[in-house]
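Dear colleague,

I am handing over the structure below, with the sequence alongside it. Please keep both open while you read the notes that come after.

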Amino acid sequence: MSGLALNSLWAGVALVLVLLSAFSIIGSTHVSRSFYAQLQDLEARRWYLEEEYSRLLLEQSTLASHFRIESEAGSALGLVAPGHDQTRLVAK
C-alpha cells in the first residue's frame, strides 16, 4: 500500500471513531438528562409526602389530645369522672 492510501485509511478510521465518540456522548447526555428529570420528579414527590406526613402528625396529635379524648368520652359515651362518693380506697 502506498503512503497516501494508508493515510487515507487512518483518516477514515479516525473519522469513524470520532463519529462513534460523538454519538456516544450525545446518548449519554440524553440518558443523564432523563435521569435528572426523573430525580426532580422524585424530589418533588418526596417534598409533597413530607408535607402530607407533617399534616397527618399534626392531625394525629390533635385527635389524641387528652382534652379531646375526655370530651369525646363525655359526649359520645356519656362517661364522667367519678366523684368522691363513688370512689373507694382499697388497702392491700
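Predicted model: local features only at pLDDT ≥ 70, side-chain atom pairs only at ≥ 80, totals over all residues.

Residues are numbered from 1 along each chain as its sequence is written, and side-chain values use heavy atoms, with hydrogens and water left out.

A search of the whole structure finds 1 salt bridge (a side-chain nitrogen of Lys or Arg within 4 Å of a carboxyl oxygen of Asp or Glu), and the side chains of Glu-50 and Arg-46 form it at 3.2 Å, N to O. Both residues lie in helix 1, 4 residues apart, which is about one turn of the helix (helices are DSSP runs of H or I with at least four residues, numbered from the N terminus). Glu-50 counts as partly exposed because its relative accessibility is 35% (buried is under 20% relative accessible area, exposed over 50%, partly exposed in between, with a 1.4 Å probe and protein chains only), and Arg-46 counts as partly exposed at 39%.

Arg-46 also lies over the face of Trp-47, at 5.0 Å from the ring centre (the rule asks for NZ of Lys or CZ of Arg within 6 Å of the ring centre and within 35 degrees of the ring normal).

Elsewhere, Leu-6, Leu-9, Trp-10, Val-13, Val-16, Leu-17 and Leu-20 make a nonpolar surface patch of about 680 Å² (patches take residues with over 30% relative accessible area and no salt bridge, joining like charges within 9 Å and nonpolar side chains, namely Val, Leu, Ile, Met, Phe, Trp and Tyr, within 5 Å; areas come from the Shrake-Rupley method with a 1.4 Å probe, and for residues only the protein chains shown count as cover). Val-16 is found in helix 1, residues 3-63, and counts as partly exposed at 47% relative accessibility.

Best regards

Methods:
Helix = DSSP H or I, 4+ residues; strand = E, 2+ residues; numbered from the N terminus.
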